[in-house]
Amino acid sequence: MGILTDNMKRLVDEQQLGFHATVCPDGSPNLSPKGSTRVWDDDHLFFADICSPQTIANLRAGSLIEVNVVDPFARKGYRFKGRAVIYEPGSIVFSEGIDRMHAAGSKLTGRVKAIVVIEVQHAAPLVSPAYDDGTMAEADMLEAHRARFARLHERRYRPG
């Protein structure tokens with residue numbers, strides 16, 4: 001059994017969007033959303049470098065990486081910390097990553113510059129403080145945010 005539980009893998013596969021944090025050489029933070037965040041195996045996540053110049057530069061300079069994946073309705077998720085390895089075109093891992101993206105229906109595989117595989121060394125839950133006092137049940141949180149997102153969608157994307 002690896003570090004990634006079935007629930008962690010389910011959440012990553014469902015959400016697909018991870019927020020990836022690295023540290024720049026000057027010590028400043030770099031946070032970058034990656035819509036290609038996926039599970040590689042029981043101990044690894046991966047993402048495609050489609051347009052990630054600063055993240056890739058930071059990783060090449062030795063930065064560790066943290067990835068946060070959160071269900072915006074339940075307000076629960078996970079943080080994953082570890083080291084990343086960058087695989088360039090022509091490598092077996094790059095080809096396998098592209099194959100995995102194709103299998104998942106990605107239309108962006110032609111733009112991938114590298115596949116980045118993260119060895120997850122630490123994983124921990126992320127849970128909204130709204131749950132802290134025990135008065136908020138997950139079903140209540142889901143309904144509140146479902147309704148909120150429905151209102152936002154109606155306002156923003158209403159025809160006419």
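Is E66 buried or exposed? At 16% relative accessibility, E66 counts as buried, where buried means under 20% relative accessible area, exposed over 50%, and partly exposed in between, with a 1.4 Å probe and protein chains only. I shall return to this residue after describing its surroundings.

First, the conventions. This is a predicted model, in which local features need pLDDT of at least 70 and side-chain atom pairs count only at pLDDT 80 or more, while totals for chains, interfaces and linings use all residues. Residues are numbered from 1 along each chain as its sequence is written, and side-chain values use heavy atoms, with hydrogens and water left out.

Let me begin with the sheet. Seven strands form an open sheet in the order β2-β1-β5-β6-β7-β4-β3, with antiparallel pairing. Strands here are DSSP runs of E with at least two residues, helices are runs of H or I with at least four, and both are numbered from the N terminus. Two strands pair if DSSP finds at least two bridges between them. At the edges stand β2 and β3 (38–41), each with a single partner strand, so one side of each is left without a neighbour in the sheet. On average, neighbouring strands of this sheet are turned by 35 degrees against each other, direction ignored.

Now the individual pairings. Three bridges join β1 to β5 in the antiparallel sense, and within that pairing H20 has V67 in β5 as its bridge partner. Between β5 and β6 there are seven bridges, again antiparallel, with V69 opposite Y78 in β6. These two strands form a hairpin with four residues between them, and R75 in the turn has a positive phi of about 60 degrees.

Next, the helices. Helix α1 (residues 6–15) lies across β3, β4, β5, β6 and β7, and runs at about 80 degrees to β6. Helix α3 (residues 92–103) lies across β3, β4, β6 and β7, at about 65 degrees to β7.

Which residues of helix α2 are buried? In α2, which spans residues 53–60, they are T55, I56, N58 and L59. They cover an arc of only 160 degrees around the axis, which puts them on the same side of α2; the arc is that of the directions from the helix axis to the C-beta atoms. The face turned away from that buried side carries the exposed residues P53 and R60. As for packing, the buried residues of α2 lie against β1 (18–23), β2 (29–34), β4 (44–49), β5 (65–71), β6 and β7 (114–127), a contact being heavy atoms within 4.5 Å. After α2 comes G62, whose phi is positive, near 105 degrees.

By contrast, the C-alpha atoms of A84 and D132, 48 residues apart along the chain, are separated by 33 Å.

Finally, the charged pairs. Side chains of opposite charge can pair when their charged atoms come close. A salt bridge is here a side-chain nitrogen of Lys or Arg within 4 Å of a carboxyl oxygen of Asp or Glu, and by this rule the count comes to nine.

R79 forms a salt bridge with E66, the closest N and O atoms being 2.7 Å apart. R79 lies in strand β6 and E66 in strand β5, so the pair ties together parts that are 13 residues apart in sequence. R79 counts as partly exposed, at 27% relative accessibility.

In a second pair, the side chains of E138 and K76 meet at 2.8 Å, N to O. This pair links distant parts of the chain, with E138 in helix α4 (residues 138–157) and K76 in strand β6, 62 residues apart. E138 is partly exposed at 35% relative accessibility, and K76 is partly exposed with a relative accessible area of 29%.

Salt bridges that share partners also join D6, K9 and D42 into one network. Being three residues apart in helix α1, K9 and D6 are separated by about one helical turn. K9 counts as buried at 18% relative accessibility, whereas D6 counts as exposed at 59%.

Note on methods
Axes are lines fitted to C-alpha atoms, for helices over the stretch in contact, and angles run from 0 to 180 degrees between N-to-C directions.
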